[in-house]
Amino acid sequence: MKVFVWWFLVGATMALAVIMLQGGMREVMQAQGSVWELKLMELVTTIVGGGLLGGCVALILDRIKKS
């Protein structure tokens with residue numbers, strides 16, 4: 001579980017870094033109204049997806065390493 005949590009955080013941070021490099025955060029801040037909520041939800045799902053990808057790959061590799 002510790003491996004998953006660590007790599008989930010690393011994956012989420014990397015996804016956030018990529019979004020920031022591409023200018024996604026600026027778009028969210030400049031959006032107004034319901035578009036802002038939509039963009040924020042889009043960012044959250046991308047960040048969580050990056051975290052899940054990192055965590056799951058780490059679990060798979062950890063299990064292979066222990067075998």
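View 1. At 17% relative accessibility, Phe4 counts as buried (buried is under 20% relative accessible area, exposed over 50%, partly exposed in between, with a 1.4 Å probe and protein chains only). Phe8 has a relative accessible area of 23% and is therefore partly exposed. Both Phe4 and Phe8 belong to helix 1, residues 2-22, where they are four residues apart, about one turn of the helix. Helices are DSSP runs of H or I with at least four residues, strands are runs of E with at least two, and both are numbered from the N terminus. The model is predicted: local features need pLDDT of at least 70, side-chain atom pairs count only at pLDDT 80 or more, and totals for chains, interfaces and linings use all residues. Residues are numbered from 1 along each chain as its sequence is written, and side-chain values use heavy atoms, with hydrogens and water left out.

**View 2. The aromatic pair.** The structure holds one aromatic pair. Phe4 and Phe8 form this pair, with 6.0 Å from centre to centre and 35 degrees between the planes, a tilted arrangement. Rings of Phe, Tyr and Trp (its six-membered ring) pair if their centres lie within 6.5 Å; planes under 30 degrees apart count as stacked, over 60 as edge-to-face and the rest as tilted.

**View 3. Leu52 and its contacts with the two Phe residues.** Leu52 is placed in helix 3 and, at 40% relative accessibility, is partly exposed. Leaving out residues up to four places away in sequence, Leu52 touches Phe4 and Phe8; contact means heavy atoms within 4.5 Å. Leu52 and Met1 are 51 residues apart along the chain, and their C-alpha atoms are separated by 13 Å.

**View 4. Gly50 in helix 3.** Gly50 lies in helix 3. With a relative accessible area of 16%, Gly50 is buried. Its contacts, not counting residues up to four places away in sequence, are Gly11, Ala12 and Ala15. Between the C-alpha atoms of Gly50 and Glu37, which are 13 residues apart along the chain, the separation is 20 Å.

**View 5. Gln32 in the loop between helix 2 and helix 3.** Gln32 is found in the loop that joins helix 2 (24-30) and helix 3 (34-66). Its relative accessibility is 67%, so Gln32 counts as exposed. Gln32 and Ala15 are 17 residues apart in sequence, and the distance from C-alpha to C-alpha is 24 Å.

**View 6. The protein chain as context for the close-ups.** The chain has three helices and zero strands, in the order α-α-α from the N terminus. Its C-alpha atoms fill a box of roughly 50 × 20 × 15 Å along the principal axes. The radius of gyration is 15 Å, whereas a compact globule of 67 residues would have a value near 11 Å; the radius is taken over C-alpha atoms, and the globule rule is 2.2 Å times the number of residues to the power 0.38. Of the 67 residues, 22% count as buried. Among contacts between residues at least 6 apart in sequence, 72% join residues at least 24 apart.
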